[in-house]
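Student: I have a protein model open and would like to learn how to read its features one at a time. Could you take me through them slowly?

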Amino acid sequence: HLNLLNALSIIRSKNMNFFCILVGSNINQKNIDLVSKIKKLNLSSHVKLLGRNDNILRVMNGLDLHILSSRYGEGFPNVLAESMACGTPCITTNVGDAAFIVGKTGWIVPPKNPIRLSEAIEKALNEIGSTTWKKRCVKARLKIKEKFSINKMLKSYNKVWVKVYKQ
């Protein structure tokens, strides 16, 4: 989370208004390393640690923006598709299939680069509420519906199975 926290520190230094929630296993006040990094970067009033939450639909629908700041190791990050399916635009680092999923509906930045991540966050924050933002939200949802729906997945699997069967 250090990449994201460093980017948020840059945003805070520009006196931009934001509030970030972090959700996931071990993302709570018991995580001493994470809590100390948040305090060290003077982000305590801007970042809340929610811990694990199994109601992902409720979480995603409560966000204006979703940020995936992974350094590496992402295959197909479902969390991006989940947020986009809720009409929540995404900023993501270019890891695994993240750029393929988000495409032009959001922002893709290099991993381990808090400056570029902060620039994307700033652009997104400045766009929220505009007509462009509303269109971006619709495009994010439509992309998931059109490219990654259950029906699309089943058709793709069937094509592969037919090819394998014919061999």
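Tutor: Let us begin with the elements, keeping in mind that this is a predicted model. The protein has eight helices and five strands, and along the sequence they follow one another as α-β-α-β-α-β-α-β-α-β-α-α-α. The C-alpha atoms fill a box of roughly 60 × 40 × 30 Å when the box is taken along the principal axes.

Student: What share of the 167 residues is buried?

Tutor: Buried residues make up 38% of them. As for how the chain folds back on itself, 60% of the contacts with a separation of 6 or more are between residues 24 or more positions apart.

Student: Which residues have the most contacts inside the largest nonpolar core?

Tutor: That core has 27 residues, and those with the most contacts inside it are L8, L22, L43, V47, L49, I91 and I121. At least two core residues come from each of α1 (2-13), β1 (20-23), α2 (32-40), β2 (47-51), β5 (107-109), α6 (114-127) and α7 (131-147), and the largest share, five residues, is supplied by α1. To see one member in its surroundings, take V47, which touches L5, L8, F19, C20, L22 and I38 once residues up to four places away in sequence are left out. There is also a second, separate core of 10 residues, and L68, M84, I101 and I144 are among them.

Student: Where does G87 lie, and what does G87 touch?

Tutor: G87 lies in the loop between α4 and β4 (90-93), and at 16% relative accessibility G87 counts as buried. Its contacts, not counting residues up to four places away in sequence, are with C137 and R141. Sequence and space can also be compared here, for G87 and R136 are 49 residues apart in sequence, while their C-alpha atoms are 8.3 Å apart.

Student: How is a pocket found, and which residues are closest to the centre of the largest one?

Tutor: Rolling a probe the size of a water molecule over the atoms shows where empty space is left. In this model the largest pocket has a volume of about 1,200 Å³. It is lined by 37 residues, and the closest to its centre are L4, I21, L22, H66 and I67. The elements that give two or more residues to this lining are α1, β1, α3 (56-61), β3 and α6. Sorted by class, the lining has 22 nonpolar, 10 polar and five charged residues.

Student: How many aromatic pairs are found in the whole structure, and how is such a pair described?

Tutor: A pair of aromatic rings is described by the distance of the centres and the angle of the planes. The search finds three pairs here. In one of them, F76 and F148 have ring centres 5.4 Å apart and planes at 65 degrees, so the pair is edge-to-face. F76 lies in the loop between β3 and α4, and F148 in the loop between α7 and α8 (150-166), so this pair ties together parts that are 72 residues apart in sequence. F76 is partly exposed at 33% relative accessibility, and F148 is partly exposed as well, at 24%. Another pair, W107 and W133, is stacked, with 6.3 Å centre to centre and 20 degrees between the planes. W107 is in strand β5 and W133 in helix α7, so the parts tied together are 26 residues apart in sequence, and both residues are buried. Finally, F76, F100 and F148 form one aromatic cluster.

Student: What is the phi of N15, and what is the phi of N26?

Tutor: Neither residue is a glycine, yet N15 has a positive phi of about 60 degrees and N26 has a positive phi of about 65 degrees. N15 is in the loop between α1 and β1 and is exposed, with 73% relative accessibility. N26 is found in the loop between β1 and α2, and N26 counts as exposed because its relative accessible area is 51%, which is over 50%.

Note on methods: Residues numbered from 1 in each chain as written. Predicted model: local features only at pLDDT ≥ 70, side-chain atom pairs only at ≥ 80, totals over all residues. Heavy atoms only, no water. Core = buried A, V, L, I, M, F, W, Y, C linked by side-chain atoms within 4.5 Å. Buried < 20%, exposed > 50% of the residue type's maximum accessible area, 1.4 Å probe, protein only. Helix = DSSP H or I, 4+ residues; strand = E, 2+ residues; numbered from the N terminus. Contact = heavy atoms within 4.5 Å. 1 Å grid on protein atoms, 1.4 Å probe; cavity = no way out; pocket = protein on both sides within 12 Å on 5 of 7 lines; lining within 4 Å. Points joined across faces, edges and corners; volume = space filled by probe spheres on them. Nonpolar A, V, L, I, M, F, W, Y, C, P; charged D, E, K, R; others polar. Phe/Tyr/Trp six-rings, centres within 6.5 Å; stacked < 30°, edge-to-face > 60°.
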